[in-house]
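Please read it alongside the sequence and the coordinates.

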Amino acid sequence: MATSLSYREKSLYASLVAELAVYGPYFFLHRQNSVNRVAGMILAIIVLQIILQSIIAAFTRNRITDERDRLIELRGYRVGYFTLASLMILGLGMLWFHAALGHFPIEGRWVGLHFLNVFFGMLVISDIAKTTTQIVTYRRAL
Amino acid sequence: MTQQELADKVGVTRQTVIAIEQDRYSPSLETAFKVATVLGVRLEECFQYEPRGKRS
């Protein structure tokens, strides 16, 4: 029997689509980086999330969140936290290694942008891991 | 009683009711008691415990 998606599941799918649509081009279609590009990316994700979540809320009558939703959300946050912690440790280790070898000549503000992209990328990966975990858990046994 | 009606009376989503029926989710004790109360049966008639791996 086909099971329709709950409001929470629809919201998760929309969030994942928005993240992939905005962050994918930002990180993989690499052009000259700039503060304006970062600001545009942040604005795009905010606007797209608002639009998609509003559409889903408008077309979903029953928006109740029950105990199963909360448990799945907790599992997602746990996976997201461990993903972020692991990436942070890995990233700090790499930074320390390269800094020890003298691989970071000071080049003004571009160094800051590179660090911004690295740490923001960690947050994005962790958030995608959190969302994906919740989506998978909804389909499988809890 | 439909799944949606049961879900509304118990206070969960229809998808949670489906997950319980398909043995993909074990509800809390409070929810289990609510389901039994709504259905008008005893808790043991609604839910049985069978260790995983021994279910038929």
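## Packing in chains A and B

Leaving aside its neighbours within four places in sequence, B:Ala19 is in contact with A:Arg68, B:Arg24 and B:Tyr25; two residues are in contact if their C-beta atoms, placed from the backbone, lie within 7 Å. This is a predicted model, in which local features need pLDDT of at least 70, side-chain atom pairs count only at pLDDT 80 or more, and totals for chains, interfaces and linings use all residues. Residues are numbered from 1 along each chain as its sequence is written, while chains are lettered from A and ligands numbered from 1 in the order in which they are written.

B:Ala19 also belongs to the largest nonpolar core, whose eight residues are B:Ala7, B:Val10, B:Val12, B:Val17, B:Ala19, B:Ile20, B:Tyr25 and B:Val35. Such a core is a set of buried Ala, Val, Leu, Ile, Met, Phe, Trp, Tyr and Cys residues joined through C-beta atoms within 7 Å. A residue is buried if 20 or more other C-beta atoms lie within 10 Å of its own, exposed if 12 or fewer, and partly exposed in between, with C-beta atoms placed from the backbone. Two or more residues of this core come from each of α1 (3–10) and α2 (14–21) of chain B, and α2(B) gives the most, with three residues. Helices (H or I, at least four residues) and strands (E, at least two) are DSSP runs, numbered from the N terminus.

Between the chains, eleven residues of chain B are in contact with ten residues of chain A. On the chain B side of this contact, α2(B) again gives the most, with four residues. That side divides into four nonpolar, six polar and one charged residues; Ala, Val, Leu, Ile, Met, Phe, Trp, Tyr, Cys and Pro count as nonpolar, Asp, Glu, Lys and Arg as charged, and the others, Gly among them, as polar.

Chain A has four helices and zero strands. Of its 142 residues, 15% count as buried. Among contacts in chain A between residues at least 6 apart in sequence, 92% join residues at least 24 apart.

Two helix pairs are set out below. Axes are lines fitted to C-alpha atoms, for helices over the stretch in contact, and angles run from 0 to 180 degrees between N-to-C directions.

| Helix pair | Angle between axes | Axis distance |
|---|---|---|
| α1 (residues 7–28) and α2 (residues 35–58) of chain A | roughly 155° | within 9 Å |
| α1(B) and α2(B) | about 105° | 8 Å |

The pair α1(A) and α2(A) is therefore roughly antiparallel, whereas α1(B) and α2(B) are roughly perpendicular to each other. Angles under 35 degrees count as roughly parallel, over 145 as roughly antiparallel, 65 to 115 as roughly perpendicular and the rest as oblique. In chain B, the contact joins B:Gln3, B:Gln4, B:Leu6 and B:Ala7 of α1(B) to B:Arg14, B:Thr16, B:Val17 and B:Ile18 of α2(B).

Two individual residues complete the account. A:Tyr138, in helix α4 (residues 109–139) of chain A, counts as buried because it has 22 C-beta neighbours inside 10 Å. Beyond its neighbours within four places in sequence, A:Tyr138 is in contact with A:Glu9 and A:Ile72. B:Asp23 lies in the loop between α2 and α3 (29–39) of chain B and counts as exposed, with 11 C-beta neighbours inside 10 Å. Phi of B:Asp23 is near 60°, a positive value in a residue other than glycine.
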